[in-house]
Amino acid sequence: MNWLVTGGAGFIGSNFVFRLLARHPEDRVVVLDALTYAGSLETLASALQDPRFRFVKGDIADRDTVEALFAGEDFDAVVNFAAESHVDRSISDPGLFLRTNVIGTQVLMDACRAAGTKRFHQVSTDEVYGDLPLDRPDLLFTEETPLHASSPYSASKASADLLVLAYHRTYGFPATITRCSNNYGPWHFPEKMIPLMIVRALADRPLPVYGRGENVRDWLYVEDHCAAIELVARKGRPGEVYNVGGHNERTNLQVVKTVLQELGKPESLISFVKDRPGHDMRYAIDPAKISAELGWTPETAFDDGIRRTVRWYLEHRTWWERILSGEYAKYDAKMYGGRG
Ligand code: NAD
Ligand code: DAU
C-alpha cells in the first residue's frame, strides 16, 4: 500500500509511521507535515534512512501544495493526523486551529476525491463529546453521544468530523473516523501533561497541576492507538466512527504522583495553579464497537506504559532538551511564568 500520513512528524503520526515501516515491508509511506513547533525531522530520523519513506514539508490547508503532491503520487490511503493539538494554545489563538483542523481536512478530502483515493481516515478525539460528570462513573462516551465540544480545539475537531461525515453522505466519500482518548508514550511534545511533568520533575521544577487535579482522563499507550487506526483504515466500514480507549481512567493528581514515584522525586514538587478555562472534567471511552467489529483490544497496561514512557524520556534527553531550549522556552515562560 502507498500511504499518505499527514502530521507524521508529530507525536502520534510518527509512531504510526514507525509501525507501518516495521510491520509492512511491502508498504510505502509519504509524510506531509508543515513542521510547526510540534513537528520535527529529528523525530523521523530513523524513517528518513528507509527507501520506502518520503518526507514532504507542507501545509495541509494549502491547496496548491496538496494538489501538487497528489499529482505526483497515487495514494491507496490517506491518514490525517495533522492538527493543532493543544487545548491551552487553542484558548489563546483559536484561528490557527480552524485553519489547520477544519480547512486542512477539507483540502485533503477534496484532493482525495479528485484522485479517487480509496480510503481517507480522520484521526479525531474523544474531546468532541465534551465532558462527563465525576459523580457518574457509569457514563461513558459511545459513538452515539452527541457532539458537545468545550474548547476551540475540540470545536475545530468536531467541525472536521461533521465535514468528513457530510462528505461521506453527500459524495459517497470513503472515509472513516476514530475518536481516541488521551495518548501517552515516546515522542510526546513536552507541553502536554505527562511529558511536561516528567521533564519538569527531572529538573526539580514545580509541577503545575490545574485546579485541584481532580479532572479525569482515560489514558491509552500510543502504540495501542496506532494499532486501532491501522485496523480502521484498512478494515473499518466507510462512513463509520470508532471510539478508541482502554478503560484507564485516572485523575491528573494520580498520574502526576505515579510519574513522581517512577522518577523517585518528592510530591512536594506538586504545585496547584489556576485552572484551565472551560476545563473538561472527565473523559471516558466505551470501545465496545471497535472491539466487537474489528477485534481491537489494547495491549499495554497503564503502569507498564508509564514505566516505558519515563524510561524513554530518560534515554532521549537530547530530543526534549533541544525543544525546551528553543522557541518553546517562550511559551513555557508565558504559560507558567512565575510558577517555576
Ligand atoms: P502533535 O501536535 O504532536 O503533532 C501534530 C503534527 O501536525 C505536527 O508534526 C505538526 O507539525 C503537524 N501540523 C500542524 N499543522 C499542520 C499543517 N497545517 N499542515 C501540515 N502539518 C501540520 O499532535 P498529536 O498529539 O500527535 O495528535 C495527532 C492527531 O491525533 C491530532 O489530529 C489530534 O487531534 C489527534 N488526537 C490526539 C490525541 C492525544 O492524546 N495526543 C488523542 C486523540 C486524538
Ligand atoms: O482526549 C484526547 C485529547 O488529549 C487530544 O485530543 C488532545 O490533542 C491532547 O492534547 C489531550 O488533551 P488534554 O487537554 O486532555 O491534554 P493535556 O495534556 O493538555 O492535559 C491533560 C490534563 O492535565 C488536563 O486535565 C489538563 C491537565 N494539565 C495539563 C497541563 C498541560 C495540568 O494540570 N497541568 C498542565 O500543565
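Predicted model: local features only at pLDDT ≥ 70, side-chain atom pairs only at ≥ 80, totals over all residues.
On a 1 Å grid over the protein atoms alone, a pocket is an open set of points where a 1.4 Å probe fits, with protein on both sides within 12 Å along at least five of seven lines. Residues are numbered from 1 along each chain, and ligands are numbered from 1 in the order in which they are written.

**Second largest pocket**
- The second largest pocket has a volume of about 440 Å³.
- Its lining (residues with an atom within 4 Å of a point) has 18 residues, and Asp88, Arg89, Ser92, Tyr331 and Met335 are the closest to the pocket centre.
- H4 gives the largest share of this lining, 4 residues.

**Shell around ligand 2**
- Ligand 2 is surrounded by 26 residues (a heavy atom within 4 Å), and the closest are Asp126, Tyr153, Arg276, His279 and Tyr336.
- Helix H4 (87-92), helix H7 (193-202) and strand E8 (207-210) each supply at least two residues of this shell; helices (at least four residues) and strands (at least two) are DSSP runs.

- A polar contact is a pair of N or O atoms within 3.5 Å.
- An oxygen atom of ligand 2 lies 2.5 Å from a side-chain N or O atom of aspartate 126.
- A nitrogen atom of ligand 2 lies 2.8 Å from a backbone N or O atom of proline 208.

Definitions and conventions:
Heavy atoms only, no water. Polar contact = N/O pair within 3.5 Å; in protein donor to acceptor, adjacent residues only side chain to side chain. Points joined across faces, edges and corners; volume = space filled by probe spheres on them.
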